[in-house]
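Trainee: I am new to this structure and would like a close look at one part of it. Please start with a charged pair, and then follow the chain from there.

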Amino acid sequence: MKSNSKRPITILIADDDPEDRMLAAEALKESRLANDIRFVEDGEELLDYLLLRGRFTNPDDAPRPGVILLDLNMPRKDGREALREIKENPELRRIPIIVLTTSKAEIDIYRSYDLGVNSFIVKPVTFDSLVEVMQVLRKYWFEIVEIAAD
């Protein structure tokens, strides 16, 4: 049995669009990924969550994520800025980050990988396609890959 299957893995979704957050949560459930799913609405909240600041000072309210699903286009601090800060932080840089965004811009793809993202996925247009993506993510990130423990 893989070590990461012995403990629940928190999935942190950073996305400013309430409908996209709801669809991602539903798609994760449809793909039978029954992990703890948490949400933040922008890059500032994402860093507050990860660094236990602001409204996230209680570690019980902000368990360390095993994977972050990151939208690039968010207000206040966008996903690109947050990604750079996370990957520069020795305490946070091992957390796998999957960009899940509407951007198909080549510059965003290159820049995301240059900043250390683990995967770049363009958000599917249909819910069924999103469920398929989440099934692949479940298989890869939660059944095959070993995620570094704290």
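**A charged pair and its surroundings**

Mentor: D42 forms a salt bridge with R76, and their closest N and O atoms are 2.8 Å apart. A salt bridge here is a side-chain nitrogen of Lys or Arg within 4 Å of a carboxyl oxygen of Asp or Glu. D42 sits in the loop between β2 (37–40) and α2 (43–51), and R76 in the loop between β3 (65–70) and α3 (79–88), so the pair ties together parts that are 34 residues apart in sequence. These helices (H or I, at least four residues) and strands (E, at least two) are DSSP runs, numbered from the N terminus.

The model is predicted, so local features need pLDDT of at least 70 and side-chain atom pairs count only at pLDDT 80 or more, while totals for chains, interfaces and linings use all residues. Residues are numbered from 1 along each chain as its sequence is written, and side-chain values use heavy atoms, with hydrogens and water left out.

Buried means under 20% relative accessible area, exposed over 50%, and partly exposed in between (1.4 Å probe, protein chains only).

R76 has a further feature, a positive phi of about 60 degrees although it is not a glycine. Most residues other than glycine have a negative phi. L52 is also not a glycine and has a positive phi, of about 55 degrees. L52 lies in the loop between α2 and β3 and is partly exposed, with 34% relative accessibility.

The structure holds 12 salt bridges. Another of them pairs R38 with D36, with the closest N and O atoms 3.0 Å apart. Here R38 is partly exposed at 24% relative accessibility, and D36 is partly exposed at 26%.

A further salt bridge joins D15 to K123, with 2.6 Å between the closest N and O atoms. D15 is in the loop between β1 (10–14) and α1, and K123 in the loop between β5 (119–122) and α5, so this pair ties together parts that are 108 residues apart in sequence. Both D15 and K123 are buried. D15, D20 and K123 are linked in a network of salt bridges.

The helices α1 and α5 also come together themselves. The axes (lines fitted to C-alpha atoms over the stretch in contact, with angles from 0 to 180 degrees between N-to-C directions) of α1 (residues 18–30) and α5 (residues 127–144) come within 8 Å and cross at roughly 60 degrees. That makes α1 oblique to α5, as angles under 35 degrees count as roughly parallel, over 145 as roughly antiparallel, 65 to 115 as roughly perpendicular and the rest as oblique. Contact means heavy atoms within 4.5 Å. On the α1 side, L23, A24, E26, A27, L28 and E30 meet F127, L130, V131, M134 and Q135 of α5. By class, this contact has eight nonpolar, one polar and two charged residues, where Ala, Val, Leu, Ile, Met, Phe, Trp, Tyr, Cys and Pro count as nonpolar, Asp, Glu, Lys and Arg as charged, and the others, Gly among them, as polar.

Finally, V99 belongs to strand β4 (residues 97–101) and is buried, with a relative accessible area of 0%. Leaving aside neighbours within four places in sequence, V99 is in contact with L70, L72, S112, V117, S119, F120 and I121.
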